[in-house]
Amino acid sequence: PLRRLGCGPGWGRSIEGIHSTMSLLADLLEAPDHHNLEKFLRRIPMIFNIAILSPHGFFGQKDVLGLPDTGGQVVYILDQVRALEKEMQKRLYNQGLDIAPQIIILTRLLPESRGTTCHLPEEDVSGTDQVKILRIPFRRHDGSVINQWISRFEVWPYLEKFSREAKLTLLRDLGRRPDLVIGNYSDGNLAAYRIAQELEVTQCTIAHALEKTKYLYSGLYWQEMEAQYHFSCQFTADLIAMNSSDFIITSTYQEIAGSENVVGQYESYANFTMPDLQRILHGIDVFDPRFNIVSPGADDKVYFPHTRKEARATELHPEIDNLLFGNSQDFCRGMLQDTEKPIIFSMARLDRIKNLTGLVACYGEHEELRASANLVIVGGTINPDESGDLEEQEQIRLMHEMFDRYNLENHVRWIGGRLEKRLSGELYRRIADLQGIFVQPAFFEAFGLTVIEAMASGLVTFATRYGGPLEIIEHGHYGFHIDPNHGNQMATDLLNFFQKCKTEPEYWSTVSEAGLKRVAERYTWERYAKRLLSLTCIYGFWKYATNLERQGTNRYLEMLYHLQFKGRAATVKEY
């Protein structure tokens, strides 16, 4: 009977579901209300296929986390697509449709893949039904393929060809346009802009971390930094992506508007000057409703409380104990002499902003802290010759200098290389067994995925007060804030915690349990997927309803792309 009235499938799988959806529509027609509109749009089957762009770096499922320009973004996207597929399947089923959703990750093909799978044109994503990685090469102007990895700061000349080829590959694989294109980081967001504009589909921007706030006065002194960082390309690309997007996802409020003492990443684009290039008066409006906070979570199959003994990967304990206390010097430096002391643990990329060497320095300078706890660092590689990143090489040499300067061989264990995800989860829990702590000492952290992973594993966490951790952690309750610019105070805060745990035996467990509760309530991938798909429905409808109003902006952005960005990208030296 409904079909005779012009209705198609998708109103619901059950009579109750159909009745509820039609009641929402009736309420909207009688008295429009934004809450009911959101509820109604969430029920309409609008999202069947998603394209996710992450062009730079090594994007794979194994052996890539420690490679340049990967970091937490690879983990983020892989966890993201698993959660999105699960939620899409559930929604389509409940809407009465027997359709399998598809998600495609578009990234760069690397013929010289260093033993990873990044040379494969296609790869299925484990733990999913219809998600795969499609890899497209970077090409020079003459069409030849660039075989080696190049820094994210130097990808700009290749993105137009990449975007064009990615679009054709996407259409050929899906057989139709995607319903949503998600960009990641500056280069991925620019590629998403090119594809979304040409296909006229909904575009979502996820910056992860914008470089502009990381480098002091990077706008004013862009010319001095241009040879290494090419900020003229990056900042222009950011402006284009931000203003072309139908909606923008951030992990925290800090990313948008910062705090009293720190400018927000997006806020820094509101107005700024790049001498002899451009003066931006209204780069972005941080009060624009396109901004949405949708925080990611930690994979609950990997990062779960250390108290769940039945789920623990105990078979990994010999390997973990060898990592922490073994005699091998092939992959690490330092040998912990007193294995009974609790462990201060930190894990990150070995670059300046993550400040791992700063943590080692503050530990080395504080004799009482060295006497109270060991320090374990996972990051980078031990041999600078094995790194292809200049900043990482500098940090590796500085780390060795710290060992020598403070005589840390018996107090610090520096583990190089890359840890498989399941192993890292059990490592968090093993350190929690020893009533250790996790420290995230970055000068700035856009979100802090390792903070969530550590807290979800039950590990008491100390994290930088600059960026996302300021929102994740309420100081003294779910964990603790530290100031990476004041090493002595940071060391004193860590020491005070260990001393309080000695006088109050239940204190460590109290903070640990509060952290677990915080993550369960606010930071899960299930919550993330539900919110992102709901926003796609809302902004997809908005795009359809207001398309004419945005044509002027789109023309301006096209001008900025062709007259400004392409000219600057042409100045970047080709490989």
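**Entry 1: the model.** I noted at the start that this is a predicted model.

**Entry 2: the cavities.** I wanted to know where empty space is left, and rolling a probe the size of a water molecule over the atoms shows that. How many cavities of 30 Å³ or more does a search of the whole structure find? I wrote down two.

The largest cavity has a volume of about 70 Å³. I listed its lining as Arg42, Ile44, Pro45, Met46, Ile47, Met88, Arg91, Leu92, Gln95, Leu533 and Cys537. Two elements, helix 3 (71-94) and helix 18 (525-546), each give two or more residues to this lining. Helix 3 gives the most, with three residues. Sorted by class, the lining of the largest cavity has eight nonpolar residues, one polar and two charged.

The second largest cavity holds about 30 Å³ of space. Among the residues that line it I found Ser54, His56, Phe58 and Asp69. Its lining divides into three nonpolar, four polar and one charged.

**Entry 3: the salt bridges.** My count came to 36 salt bridges, and I looked up three of them.

- Arg405 and Glu401 meet through their side chains at 2.3 Å, N to O. Because they are four residues apart in helix 12 (residues 390-406), about one helical turn separates them. Arg405 is partly exposed at 46% relative accessibility, and Glu401 is partly exposed at 38%.
- Lys309 pairs with Asp433, with the closest N and O atoms 3.9 Å apart. This pair links distant parts of the chain, 124 residues apart: Lys309 is in the loop between strand 10 and helix 9, and Asp433 is in helix 13. Lys309 is exposed at 53%, while Asp433 is partly exposed at 28%. Both belong to a network of salt bridges that also includes Arg312, Asp321, Glu426, Arg429 and Arg430.
- Glu211 and Lys214 form a salt bridge, with their closest N and O atoms 3.9 Å apart. Glu211 counts as buried at 1% relative accessibility, and Lys214 counts as buried at 16%.

**Entry 4: Asp238.** I then turned to Asp238, which lies in helix 7 (residues 231-244). Is Asp238 buried or exposed? I found it buried, yet with no salt bridge. How far away is the nearest side chain of opposite charge? That side chain is Lys212, 8.9 Å away. Leaving aside neighbours within four places in sequence, Asp238 is in contact with Ser186, Leu210 and Tyr269.

Notes:
Residues are numbered from 1 along each chain as its sequence is written. This is a predicted model: local features need pLDDT of at least 70, side-chain atom pairs count only at pLDDT 80 or more; totals for chains, interfaces and linings use all residues. Side-chain values use heavy atoms; hydrogens and water are left out. Buried means under 20% relative accessible area, exposed over 50%, partly exposed in between (1.4 Å probe, protein chains only). Lys and Arg count as positive and Asp and Glu as negative; His and the chain ends are not counted. A salt bridge is a side-chain nitrogen of Lys or Arg within 4 Å of a carboxyl oxygen of Asp or Glu. Contact means heavy atoms within 4.5 Å. On a 1 Å grid over the protein atoms alone, a cavity is a set of points where a 1.4 Å probe fits but cannot get out, and a pocket is an open set with protein on both sides within 12 Å along at least five of seven lines; lining residues have an atom within 4 Å of a point. Grid points are joined across faces, edges and corners, and a volume is the space filled by probe spheres set on the points. Ala, Val, Leu, Ile, Met, Phe, Trp, Tyr, Cys and Pro count as nonpolar, Asp, Glu, Lys and Arg as charged, and the others, Gly among them, as polar.
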